[in-house]
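Welcome, and please take a moment with the model before reading on. The report below walks through its sheets, its pockets and a few single residues.

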Amino acid sequence: ETFKFVQFDAATIMRVAEGLVGALGLTGNDLSIVVDETTPLAKISYEISDHTISVHADSGAFEDTRKPRQLSEHATATSLGRVLLKARDRLSGGFGEAPADDQLSLAQIAAWDTYAVGRLERVGVAANQQRWRYNFRNRHGFSDGTDAAFDQLWSSDGLTWGELLAITGSLDTVG
């Protein structure tokens, strides 16, 4: 709840998290967030146990890129929202056949991130679509087909893991 190396505010992180939990329909789940302030990396991960979602974030995931060691509500909402949506996908059952997160390919991660951030944008979290499109292109190639798949993922709701893979199935995979 207190930070020594970064100038973060635990109450702000919790406010953002509570707003996301409500907006994303995760109100029946407990949420635990641990921030590792000893590293500036932007890694964020989650675990699901019973009805608890545990999020572990390196401080870079919540940091303002223009003001080192300062909290960014937008970065917090984007990073946290992305993993909460992935947790919701797994909890809903439609992603039961998806590999564990540490077994996903970079192309699969890019596709799932695209799907998640598009949904985040629709609940009011501002997203730089071009940033996410570029990330998707880096993993699936630069083509009209890649852009069409990105647009479909970005605007979709209620996909299953199989449907997500079907959208990207004919694309080249890079990395």
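What follows is a short tour of this predicted model, starting with the strands.

## The three-stranded sheet

Let us begin with the open sheet, which has 3 strands in the order S1-S3-S2 and mixed pairing. S1 and S2 stand at the edges with a single partner strand each, so one side of each has no neighbour in the sheet. On average, and with direction ignored, neighbouring strands here are turned by 15° against each other.

S1 and strand S3 (residues 52-58) run parallel and are joined by 7 bridges.

## A hairpin

Another pair of strands is formed by S4 and strand S5 (residues 67-71), which pair in the antiparallel sense over 2 bridges. Within this pairing, Glu63 has Leu71 in S5 as its bridge partner. The link from S4 to S5 is a hairpin through 2 residues.

## The largest pocket

Which pocket is the largest, and what lines it? The largest pocket has a volume of about 910 Å³, and its lining is made of 31 residues. Nearest its centre lie Ala42, Ser79, Arg82, Arg131 and Trp132.

Several elements take part in the lining of the largest pocket. Strand S2 (44-49), strand S4 (63-64), helix H2 (73-92), helix H3 (106-122) and helix H4 (129-140) each supply at least two residues. Sorted by class, the lining of the largest pocket holds 12 nonpolar, 9 polar and 10 charged residues.

## The second largest pocket

The second largest pocket has a volume of about 190 Å³. Its lining consists of Glu1, Thr2, Phe3, Ala10, Ile13, Met14, Ile33, Val34, Val35 and Glu37.

Helix H1 (10-23) and strand S1 (30-36) each supply at least two residues of the lining of the second largest pocket. By class, this lining divides into 7 nonpolar, 1 polar and 2 charged residues.

Is Thr168 buried or exposed? Thr168 sits in helix H6 (residues 161-168), and it counts as buried because its relative accessibility is 10%, with the cut-off for buried set at under 20%. Neighbours within four places in sequence aside, Thr168 is in contact with Ala111, Phe136, His140 and Leu153.

Gly22 belongs to helix H1 and is partly exposed, with a relative accessible area of 43%. That label applies because 43% falls in between the limits of 20% for buried and 50% for exposed. Finally, for a sense of distance across the model, take Gly22 and Gln130: they are 108 residues apart in sequence and 27 Å apart in space, from C-alpha to C-alpha.

Key. Residues numbered from 1 in each chain as written. Predicted model: local features only at pLDDT ≥ 70, side-chain atom pairs only at ≥ 80, totals over all residues. Heavy atoms only, no water. 1 Å grid on protein atoms, 1.4 Å probe; cavity = no way out; pocket = protein on both sides within 12 Å on 5 of 7 lines; lining within 4 Å. Points joined across faces, edges and corners; volume = space filled by probe spheres on them. Helix = DSSP H or I, 4+ residues; strand = E, 2+ residues; numbered from the N terminus. Nonpolar A, V, L, I, M, F, W, Y, C, P; charged D, E, K, R; others polar. Pairing = 2+ DSSP bridges. Axes fitted to C-alpha atoms, helices over the stretch in contact; angles between N-to-C directions. Buried < 20%, exposed > 50% of the residue type's maximum accessible area, 1.4 Å probe, protein only. Contact = heavy atoms within 4.5 Å.
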